[in-house]
Amino acid sequence: MLNQQWLTTFIKLVEVGHFTHTAEQLFMTQPGVSQHIKKLEQQVGVDLLIRIGKSFELTEAGIVLYQQALVWQQQQQQVLSQLAVDDEHVGECRLACSGSMALLLYPHLIDYQLPYSQLQIYLEAAPNKRIIDSVMTNTIDVGIITQPINMDELVVTPLAAQSLCLVLPQLYSHQSVTFEQLMELGMVSHPDAMHYWSQIVGQYFTEKQALALQVPIRSYVNQLNQILVPVAKGLAFAVLPQFAVDHFGQQQHIRIASFTTEQANNVVVSEPLFIIYKKHRPLARRYGPIIDKIKQLVK
């Protein structure tokens with residue numbers, strides 16, 4: 001890196017065109033200005049100017065360095081200006097959540113961004129562990145996860161809950177589903193499938209059945225918008241959050257499972273949602289309206 005003090009003296013010397021006048025404006029001695037230029041020349045390894053008494057002419061290298069130095073100076077001023085601004089409509093907003101949450105949130109976040117040309121929203125779909133790791137390493141600033149965690153470094157705030165749905169092919173539309181039927185049908189697996197399935201079994205079936213989590217797997221896919229395709233074709237069932245089910249384009253070919261009154265007992269299976277961010281890394285003002293928007297969408 002070039003010495004910034006020497007570079008500043010060089011820029012001023014080129015602008016003023018005279019060693020003595022430059023020294024006066026920088027509150028330095030004339031030998032001090034000369035020494036700065038000599039040290040800068042030693043640092044870059046070439047002569048920057050040809051001295052003519054107390055005046056000079058720039059060499060070709062001096063012209064190139066001066067032009068580039070002006071660019072660097074302008075860039076530094078821009079950075080300093082940005083550091084001084086904390087506007088709720090300016091800057092990057094880096095967030096992460098599950099794929100199903102992203103389906104719900106992203107279109108609304110883009111609508112929010114549209115009027116503000118200096119606001120950029122980045123939303124990554126990721127599993128809980130990656131979201132937590134990304135917040136810890138400052139890759140993202142705000143995450144939405146589906147499990148309570150206890151980490152001194154994080155602020156963890158309850159957000160809402162997302163309903164979990166057991167989704168069946170449409171041919172099951174006129175009957176309550178039984179555990180035996182599900183075992184015969186089999187499941188479309190995905191990265192969170194067994195986690196969701198364990199919650200469904202624990203709520204709607206017997207303790208003995210709850211131990212039988214090894215449901216037959218008919219297919220596997222890790223693309224959220226493809227998980228319900230095998231279900232729509234009658235191949236298997238799937239378990240997904242309500243947000244993801246609502247965005248599937250073939251609603252006429254699927255249905256959400258119904259259960260007997262004894263099974264359901266008026267309880268909806270859901271999992272909690274939490275907003276997380278670094279405790280000792282205060283969020284910029286621009287995150288306030290976005291978090292408010294998220295709360296409105298998921299309540």
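**A loop residue, a helix pair and a ring cluster**

Student: Where is T59 found?
Tutor: The model is a predicted one. Strand 2 covers 55-58 and helix 4 covers 60-83. T59 is found in the loop between strand 2 and helix 4.

Student: Is T59 buried or exposed?
Tutor: The relative accessible area of T59 is 16%. Buried means under 20%. T59 therefore counts as buried.

Student: Which residues does T59 touch, not counting residues up to four places away in sequence?
Tutor: Neighbours up to four places away in sequence are not counted here. With those set aside, T59 touches D47, L48, L49 and I50.

Student: How are helix 1 and helix 3 oriented to each other?
Tutor: Two packed helices are described by the angle between their axes and the distance between the axes. For helix 1 (residues 4-16) and helix 3 (residues 30-44), the angle is about 115° and the axes are 9 Å apart. Helix 1 passes helix 3 in a left-handed crossing. Angles of 65 to 115 degrees count as roughly perpendicular, and helix 1 and helix 3 are therefore roughly perpendicular.

Student: What kinds of residues make up the contact of helix 1 with helix 3?
Tutor: Helix 1 brings Q5, W6, L7, T9, F10 and L13 to the contact, and helix 3 brings V33, H36, I37, K39, L40 and Q43. By class, the residues of this contact are seven nonpolar, four polar and one charged.

Student: How many aromatic pairs does the structure hold, and how are F179 and W197 arranged?
Tutor: The structure holds four aromatic pairs. One of them joins F179 and W197, with 6.4 Å centre to centre and 25° between the planes. Planes under 30 degrees apart count as stacked, so the F179 and W197 pair is stacked.

Student: How many residues apart in sequence are the parts that the pair of F179 and W197 ties together?
Tutor: F179 lies in helix 7 (residues 179-185), and W197 lies in helix 8 (residues 193-204). F179 is buried at 8% relative accessibility, and W197 is buried at 0%. The parts tied together by the pair are 18 residues apart in sequence.

Student: How are the rings of W197 and F237 arranged?
Tutor: Their centres are 5.3 Å apart and their planes stand at 45°, so the pair is tilted. F237 lies in the loop between helix 10 (229-232) and strand 9 (238-241), so the pair ties together parts 40 residues apart in sequence. Both W197 and F237 are buried. The arrangement asked for is tilted.

Student: Which residues do ring pairs link into a cluster?
Tutor: W197 pairs with F179, and W197 also pairs with F237. The cluster linked by ring pairs consists of F179, W197 and F237.

Methods
Residues numbered from 1 in each chain as written. Predicted model: local features only at pLDDT ≥ 70, side-chain atom pairs only at ≥ 80, totals over all residues. Heavy atoms only, no water. Helix = DSSP H or I, 4+ residues; strand = E, 2+ residues; numbered from the N terminus. Buried < 20%, exposed > 50% of the residue type's maximum accessible area, 1.4 Å probe, protein only. Contact = heavy atoms within 4.5 Å. Axes fitted to C-alpha atoms, helices over the stretch in contact; angles between N-to-C directions. Parallel < 35°, antiparallel > 145°, perpendicular 65-115°, else oblique. Left-handed = near helix turned anticlockwise from the far one by under 90°. Nonpolar A, V, L, I, M, F, W, Y, C, P; charged D, E, K, R; others polar. Phe/Tyr/Trp six-rings, centres within 6.5 Å; stacked < 30°, edge-to-face > 60°.
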